[in-house]
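I opened my notebook to record what I looked up in this structure, one topic at a time.

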Amino acid sequence: MEKTDKRTDILNAAELLFSEFGFEGTSTRLIARESGANIAMINYYFGSKEGVFLEIMEGRISGFKSQLDLINDEQIPAREKLLKVIDQYTSRIFANINFHKMMHRELSLNQRPEIFGKIKEAMASNRLVIEKIIESGITEGTFRQVDVRMTIASIMGTISIIANSPSKVIDDQNFDVNNEKQRAQLKKRLVAHLQDFITTHLALQKSCNIPLS
């Protein structure tokens with residue numbers, strides 16, 4: 001039990017440090033100090049600082065995969081599933097925006113190929129579940145035919161943009177994304193917008209019979 005707790009302590013401390021100082025600004029020594037572990041223990045469990053970082057990333061992504069699978073297995077219409085996906089994905093991002101920013105930076109820089117590859121692979125697995133939800137809605141006749149990948153990119157891209165750059169939709173110079181109340185208001189606004197957008201985007205087109213004369 002003690003070993004399991006210490007391993008968890010390392011991951012928790014490292015995530016906070018990565019969020020605050022970024023990957024480059026977080027050393028193995030700093031992780032050891034903040035977690036109450038030692039460098040040898042970190043190397044034993046994770047191999048390196050990169051190993052710690054990768055496990056945190058994989059844990060977050062696989063955690064969302066579990067949520068997606070639960071939503072997909074629910075006996076509810078595809079539309080309700082997709083609205084839940086939007087709400088839960090946004091909630092996960094907004095729970096730790098600083099860490100999301102760091103992950104986004106890692107993906108954009110691609111300085112560590114092994115980490116980059118594994119993150120992209122895990123994200124692709126999550127995307128497939130969302131694809132299945134949308135495709136099932138199309139098959140059922142609930143959704144109209146759309147470009148599924150573009151639809152997913154529109155959802156995920158919007159969430160990422162707003163999380164990384166709130167100023168794109170907020171003019172208040174005093175807005176602080178680390179302020180819990182202000183962050184909650186932004187998240188609520190974002191979820192409402194995306195749920196409205198996706199409902200309209202996927203709605204079946206009603207044919208209009210207009211007399212020619």
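**Two domains**

I began with the distance between the two domains: taken over C-alpha atoms, the centres of domain 1 and domain 2 are separated by 27 Å. I noted that this is a predicted model, and that the protein chain is divided into domain 1, residues 2-55, and domain 2, residues 63-202.

I then looked at where the domains meet, and found that nine residues of domain 1 are in contact with eleven residues of domain 2. The area buried between domain 1 and domain 2 is about 920 Å², and carbon and sulfur atoms give 71% of this area. On the domain 1 side, Ser 19, Phe 53 and Leu 54 lose the most area to domain 2, and together they make up 55% of what that side buries.

**Asn 96**

Next I looked up Asn 96, which sits in the loop between helix H5 (78-95) and helix H6 (97-109).

**The largest pocket**

Last, I turned to the largest pocket, which holds about 690 Å³ of space. Its lining has 23 residues, and those nearest the centre of the pocket are Tyr 89, Met 103, Leu 107, Met 123 and Met 156. I sorted the lining residues by type and wrote down 13 nonpolar, five polar and five charged. Helix H4 (49-73), H5, H6, helix H7 (113-140) and helix H8 (148-164) each supply at least two residues of this lining.

Technical notes
Residues numbered from 1 in each chain as written. Predicted model: local features only at pLDDT ≥ 70, side-chain atom pairs only at ≥ 80, totals over all residues. Heavy atoms only, no water. Helix = DSSP H or I, 4+ residues; strand = E, 2+ residues; numbered from the N terminus. 1 Å grid on protein atoms, 1.4 Å probe; cavity = no way out; pocket = protein on both sides within 12 Å on 5 of 7 lines; lining within 4 Å. Points joined across faces, edges and corners; volume = space filled by probe spheres on them. Nonpolar A, V, L, I, M, F, W, Y, C, P; charged D, E, K, R; others polar. Domains from an automatic or database assignment. Contact = heavy atoms within 4.5 Å. Buried area = accessible area lost by both parts, 1.4 Å probe.
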